[in-house]
Amino acid sequence: MAAGGRFDREAVLDRLDEDLELLGELFEDYLEDKDEHLAKVRSAVASSDMKLLYDGAHALRGCVANFCANSAFKVATELQNLAGANQTSAVVATAQKLESEIELLTQELRAFVAENKP
């Protein structure tokens, strides 16, 4: 992973067989999906709906896994586990941490995709 980076650039390109067009498509899908899943997480936190929170965190794990984004993946997993165990005390802070991770990841991905346009 690049120093200070939110995802492993080399691993992403390797996973995609250096297909820069596919990278752009995956990024566009990510942009659409992450907003929907973050909205689900926000709604679940506001309503203390642990099933919805579990589903939203799980979906975000999938979104970030495509980009080898270990930090965001770990936080999404933590949130999913909290929801699954009905541990509501740490949910708000963990959800906020996940939003921050997703925002930072999105900024880095946007720059990476722009640098690697076919």
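This is a predicted model: local features need pLDDT of at least 70, side-chain atom pairs count only at pLDDT 80 or more; totals for chains, interfaces and linings use all residues.
Just after α4, N86 takes a positive phi of about 55 degrees.

The buried residues of α4 are A72, V75, A76, T77, L79, Q80, L82 and A83. Their cover includes α2 (20–47), α3 (50–65) and α5 (91–115).

One of these residues, L79, also belongs to the largest nonpolar core, a set of 34 residues in which L23, Y30, L53, L79, I102 and L105 touch the most other members. Two or more residues of this core come from each of α1 (9–15), α2, α3, α4 and α5. The largest share, 8 residues, is that of α5. Beyond its neighbours within four places in sequence, I102 is in contact with Y30, K34, L38, L60, V64 and A72.

The structure also holds 5 salt bridges. In one of them E101 pairs with R6, with the closest N and O atoms 3.7 Å apart. E101 lies in helix α5 and R6 in the segment before α1, so this pair ties together parts that are 95 residues apart in sequence. E101 counts as buried, at 10% relative accessibility, while R6 is partly exposed at 22%.

A salt bridge also joins the side chains of R9 and E108, at 3.2 Å from N to O. This pair links helix α1, which holds R9, to helix α5, which holds E108, across 99 residues.

Within helix α3, K51 and D55 lie 4 residues apart, about one turn of the helix. Their salt bridge has its closest N and O atoms 2.9 Å apart. K51 is exposed, with a relative accessible area of 57%, and D55 is partly exposed, with 27%.

Definitions and conventions:
Residues are numbered from 1 along each chain as its sequence is written. Side-chain values use heavy atoms; hydrogens and water are left out. Buried means under 20% relative accessible area, exposed over 50%, partly exposed in between (1.4 Å probe, protein chains only). Contact means heavy atoms within 4.5 Å. A nonpolar core is a set of buried Ala, Val, Leu, Ile, Met, Phe, Trp, Tyr and Cys residues joined through side-chain atoms within 4.5 Å. A salt bridge is a side-chain nitrogen of Lys or Arg within 4 Å of a carboxyl oxygen of Asp or Glu.
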